[in-house]
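User: Please walk me through some packing details of this model. Start with the terms you rely on.

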Amino acid sequence: MHYAVNACLFPLCAAHGLAITTVEGVGNPATGLHSVQQRLVESHGLQCGFCTPGFVMSAFALLRNNPNPTRKQVERAIEGNLCRCTGYRPILDALLTFSQDGCPMGNACCKNSSESKNKEEKNQVAEASLDGKQVSIFPPELKLHDDYFNKEVQFTDGEYTWYRPVNLQQILVLKQKHPRAPIIMGNTTTARPLAEGVFDDEKILLYGGSIPEMKDFSVTKDDLIAGGACTVSELADHLETVASQLTGEQTRHITVLLEMVSRYGSEQIRNVSTLAGSLMCGRSDSDIKTLFKVLGTNVRVASTKRSRIVPLTDLKIANNEVITAIHVPLASKNEFSAFYKQSERRSFSLAIVNAGMFAKVDTEEKIKSLRLCYGGIFKEEYLIDKVSKVTAGRSWDDALLHDVLATITDILSDDNGHKVDSYKLSVASGLWFKFFNKIQAELKLCERDEGLVRPVSLPPYSSRQVFDACTDDGQSDEDALGRTVPNVHSEAAVSGEAIYVDDLPRHQNELFVALVISSVAHAKILNVDASKALNLQGVHGYIDHRDIPGRNGFGVLVPDQELFCSGEVLAFGQPIGGIIAESREVAQRAAAMVTVEYEEMKPILTIQDAIENNSFYGKPHHLVDGDVDRGLAESEHVITGEYQTGLQEHFYLEPFAALALPKENQEMEINCTTQNLKGMQAEVAELLKIAQHKVTCKVKRLGGGFGGKEAQVMSVTGAAALAALKTKRPVRCVLPRATDMIVTGKRHPFLGKYKVGFNKNGKITALDLKLYSNSGYSLDMSGLIMDVALKSFDSGYRVKDIQVEGYLCKTNTPSNTAFRGFGHPQAVLVMEDIIFQIATTLNLNSQKVREVNLYQEGEVTPYGTKLVKCTLPELWKNCKSNSNFESRLKDIDDFNRDSKWKKRGISMTASKYGIGFGTVFMYQGAALVNIYTDGSVLVAHGGIEMGQGLNTKLIQVASSVLGIPKEKIHTVENSTREIPNAIVTAGSMGTDLYGPAVKDACETLNKRLNPLKDAMPGVPWEKLIFTAFFKRIQLSATGFYCPQKEGDFDIVKKNGSPFDYFTYGVACTEVEIDVLTGECQVLQTDLHLDIGKSLNPALDIGQIEGAFVQGLGMVTSESMEIDEKGRINNCSPLSYKIPNVKSIPRKLAVNLIKNHDIVTNIYSSKSAGEPPYILSLSVITAIKEAILAARAQIGKIGYFRLDSPATVQRIQEACGQQIKV
């Protein structure tokens, strides 16, 4: 068997006797790619590439076990792999080609196209060439050598000792001898406490995964008996086998167990997580423990002295005891059970509330036993004993339903004096209601209500991409411009060869620095004691603000963010200092030992706090057009409202990282994860008090950025550089995921307060809008973001007579920063709420209100820009027609009328996204193009590749201008040495700045080479270049782009232009929600965009889909809360839920209209990186439509407020009380 596992959950010592295959062992460009890798490349199934090896390994393991998987198995295999760039569609399209299931698109399947058939032939050749050669076989010596499996083994690193017993007696003896030692199996629970030093007293680790007696599985007439070391995946396999052998009532619990297993974690977690570990994990939301408890499971516990069987409900284990087996009862006659789970994300997510339910009735259908067990509500799973007592002997009728609902409400509403979250209580009631109906139908007392019992719809996945050819008639085959070529680093990414900062080899004498961060939100530092940390072996020192020779501050506009706090802590997680050590493990452990004494002060944490305390940065920002007072006075209707958006974490897969190398003569070379090399170089120079020419900053590529690596990477780069300066040794700094999420800024939360006037048709006639952003404890780019919000709030809708004010709230939270969209999404969310309230006030469909306000050709924006070649009306018409909006709207009305417990909504939204900086000095891009004597070309430029395909597009530009194949052109790392003073790669302007620069450099080279070309007509390129060298023709050229501009944009005078052009888009999205739990699934999305004449349609469609899905997360599952102490509560993938493969629209279509004659910064292409983000707002507006239908059935009519994100909690609460207790 082949198992996909996460390295963090599988200790190296546990691999003794096993064969490990990493992505490097699957295939590589030199010897040939495996078909999984090849298909990902050809399907454009990667962008930044950081997550790609994980997808390769998950698919590889699946195919090694099952060469012909179903589509469902493919999705299941990768539901635990997260990608922040692609939106998953191209990954799914690549991997579903291995499935033998029929495509839900039927004859329209993409595999039926000639291009896809050619790909299939290539894939078949690739796969055949790898048989027995590229795919490693299981090492024969491991099969033949019994010592690997029958001999007890002991490993030690000089500090900890790892024991691998191979039979039950051995582990019992070891546990008797070392009662405090943890038994590690899946490592899902012990990894964190181990890193925190919880087991340092004994420093003994016992491995329980190699004991046959604890892996056994058997079936008796009454029980399923599974060994404590059985993994969840092994349990699933056993259950499938047993289910095929048993019949009738005995399979009931097995079916429920399989349902639970399918919702448990992900494939990688199920492959290592064990039953005994799950029972001992201490989590109240454990799916296994909740269900096992309610089924009446018994546990076998053993020590060297005895073996005993105890009910799980009474399980208490002595330190010297081990769980050896779990006895799960089979269902007997008239026994029923169910498992339910409500989480923030549909799959690969911990439960907010889970429930196991069990019922047994007698021959007269009177209740003999009714048990309900809930997880996630209290600190332990709670089995409601009172339910059993009050229901014994009763009939399964409506009186029972309401009495149990009352009991649930009574018992679960209070947790030791603390009020239970109302959402959890509502879900608990709703789950009982589902179970009641299910059993009522099983007993044939009523018809089964499918709408109540079934989960939210998950129809088969399908996709479609439609675009016109972006090449010219007669274009040379060697000219790559406009073609759908894969990202140039694709093969390196799929084979694990792509290098990121933390992949750089360790230098001799290299050290690591770990940050010491504040544990309070606002305080004066009274004392910092690092003595305990400094005494830890391997620690080399401590640095803080006193070690800084230069400026202790950085920032884009104002250097008001300290590298290390110098006295007053302004936010939880603010860096105070750093521990320098031999390794990251030692450094991180030592950093946790540093104690800080504070004098705490009251923090300002929210926008409301800032308003109350008048805590703002500078004066308000203003945008005025027309006379808002007159407009409101003359409006037929006037309403007011408020709307708030939340934090969003960038969740780039590659965390902040830097490697600083001190060199001679005060030189410092730094590799770092930045979008802004020029800014980083300048900040380090200021910090170290040296000239910029002595600082070289480099980056090969980023594992995602999204704006988060634009302004704040100095927190690690500065720490590494300062530590390197102090120690005169190379120093690396890489933030652990949790620390990265605590320390760094997020998307700004916004509060909008509006007063809007409109007529009876929904046409907006006046708007007075105040926008407040939570900027955090330093300014960062908050002012620029607010300026964009003011200019972008209208999105695709014309508004006249407006006044917009923007306030930057100064709070004691981490400084919020740039994020894809740069203030645009937050402002448009407010605008969409305005439209929604207008529609509900007038009892109109929201789409009618959007249509009547839609921007038209020639109209002027509030900041004075006339719309030329505005394709928004055309896109709206196409989207409405191609998505069958009107007929689907009718179908949804019919569905909602017939379905009480599931509701659907459909919505269309429009977007006008401005591309440009509005500041003249930002319009400069530089490039260097070198031609070598063999004809190969090297392109260097100032832009940063972070998955958007910048390097690929610039190679395509060079290919077109020079007239040579793209294979002859290469890019290397970006460096301040080759391209000085490069403008930040942001605002979707990378290609727009550096494409013209590359074009300019190549045109210069052409001018030099043209006389020689004329003298040598038809000569091959290689010979031309070789001859040019001997003719002393310069084969290196710089290119520079600095277009003529009117001047900086002035928002008051409305001089200049803030944008170069607009990328237009329209979306139509349909969703389904569960009114009792708030669970939501996007069923279908149709995206229609105008991106001009794309330089590479495949890359741009990837950007469109990735932006949409990232925005989908923003408006649904990505909830991040700050508690009253200023701590962020969702600082890990466990609790912060970005979309996964199950979250995306089940039917996704992207349509690019033909607009090839427009003139933009580089040929006729428009940027596609950020504009589609706004189209994701169609998801939350569709959710609102579904909620409207739910509220209407309980008599609630009209407007309601649904802030973003629309989490399951908010959706359920907005639906109102659908069950009467």
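Analyst: Buried means under 20% relative accessible area, exposed over 50%, and partly exposed in between, with a 1.4 Å probe and protein chains only. The model is predicted: local features need pLDDT of at least 70, side-chain atom pairs count only at pLDDT 80 or more, and totals for chains, interfaces and linings use all residues. Residues are numbered from 1 along each chain as its sequence is written, and side-chain values use heavy atoms, without hydrogens and water.

User: Which residues of H10 are buried?

Analyst: Helices are DSSP runs of H or I with at least four residues, strands are E runs of at least two, and both are numbered from the N terminus. H10 covers residues 232-245. Its buried residues pack against partners including strand S5 (217-219) and helix H14 (287-294), where contact means heavy atoms within 4.5 Å. The buried residues are Val232, Ser233, Glu234, Leu235, Ala236, Leu239 and Val242.

User: Is Leu46 buried or exposed?

Analyst: Leu46 sits in the loop between helix H1 (35-42) and helix H2 (52-65). Beyond its neighbours within four places in sequence, Leu46 contacts Thr52, Thr86, His489, Ser490, Ala493 and Val494. Its relative accessibility is 5%, so Leu46 counts as buried.

User: How far apart in space are Leu46 and Val494, C-alpha to C-alpha?

Analyst: Val494 is among the contacts of Leu46. The two are 448 residues apart in sequence. Their C-alpha to C-alpha distance is 8.3 Å.

User: What is the handedness of the crossing of H32 and H33?

Analyst: A crossing is left-handed if the near helix is turned anticlockwise from the far one by less than a right angle, and right-handed if clockwise. The crossing of H32 and H33 is right-handed.

Definitions and conventions:
The expected span of a helix is 1.5 Å times one less than its number of residues.
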